[in-house]
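Hi everyone, thanks for coming.

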Amino acid sequence: MNFSIKEVSERLGIPPHTIRYYEKEGLLPNIQRDPNGNRMFEQKDVDWIDIMMRLRATGMSVVTVRKMVDLTVKGDVTIPERKAILEKHKLELQRKQVELDRANEVVNKKLLIYESMMSVHIRE
């Protein structure tokens, strides 16, 4: 089953121009076209765009995603390299998560202080 760019856009909740940008940047290799030149996406393409969006949401650069694509196109022989890229990215995500957890603690403590201060003013 093939999907139009509009259908992919609606399924994934992203605008068509984002999908076109990803293709222009080389992140969507081998997208087929119909006789009129319209993009035809297979389920594997939709799945890849979904994965790519999640990687981008975690802060992975377009350059790194493109490297992953280039390695994938070269075949299974590149699995160790792709795995190394994801392991490095995972470590960075874990580092950022620690920072976010600490920041969240600070915000929660500050909220408790404000709630305490407000309850004192309400009683007065």
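Let's start with Asn-30, which counts as exposed because its relative accessibility is 57%, and the cut-off for exposed is over 50%. One thing to keep in mind throughout is that this is a predicted model. You'll find Asn-30 in the loop between helix H2, residues 16-24, and strand S1, residues 32-33. Its backbone is worth a look too: phi of Asn-30 is near 65°, a positive value in a residue other than glycine. For background, most residues other than glycine have a negative phi.

Now please move along to helix H4, residues 62-74. H4 has 13 residues and reaches 18 Å from its first C-alpha to its last, close to the 18 Å expected at 1.5 Å a residue. Which residues of H4 are buried? They are Val-62, Val-65, Met-68, Val-69 and Leu-71.

What does H4 pack against? One partner is helix H3, residues 43-57: the two pack at an angle of about 145°, with their axes 10 Å apart. H3 passes H4 in a right-handed crossing. On the H3 side, the contact is made by Trp-48, Met-52, Leu-55 and Arg-56, and on the H4 side by Val-62, Val-65 and Val-69. Sorted by type, the residues of this contact are six nonpolar, no polar and one charged. Notice that Val-62, Val-65 and Val-69 were also on our list of buried residues in H4.

Next, the end of H4. Just after the helix, Gly-75 takes a positive phi of about 105°. Is Thr-78 buried or exposed? Thr-78 counts as buried, because its relative accessibility is 4% and the cut-off for buried is under 20%. A polar atom of the Thr-78 side chain lies 2.7 Å from the backbone oxygen of Gly-75. Leaving aside residues up to four places away in sequence, Thr-78 touches Leu-71 and Thr-72.

Last stop: Asn-104, which lies in helix H5. With a relative accessible area of 44%, Asn-104 is partly exposed. How far apart are Asn-104 and Gly-75? They are 29 residues apart in sequence and 42 Å apart in space, C-alpha to C-alpha.

That's my tour, and I'm happy to go back to any of these places with you.

Note on methods
Residues numbered from 1 in each chain as written. Predicted model: local features only at pLDDT ≥ 70, side-chain atom pairs only at ≥ 80, totals over all residues. Heavy atoms only, no water. Helix = DSSP H or I, 4+ residues; strand = E, 2+ residues; numbered from the N terminus. Expected span 1.5 Å × (residues − 1). Buried < 20%, exposed > 50% of the residue type's maximum accessible area, 1.4 Å probe, protein only. Polar contact = N/O pair within 3.5 Å; in protein donor to acceptor, adjacent residues only side chain to side chain. Contact = heavy atoms within 4.5 Å. Axes fitted to C-alpha atoms, helices over the stretch in contact; angles between N-to-C directions. Left-handed = near helix turned anticlockwise from the far one by under 90°. Nonpolar A, V, L, I, M, F, W, Y, C, P; charged D, E, K, R; others polar.
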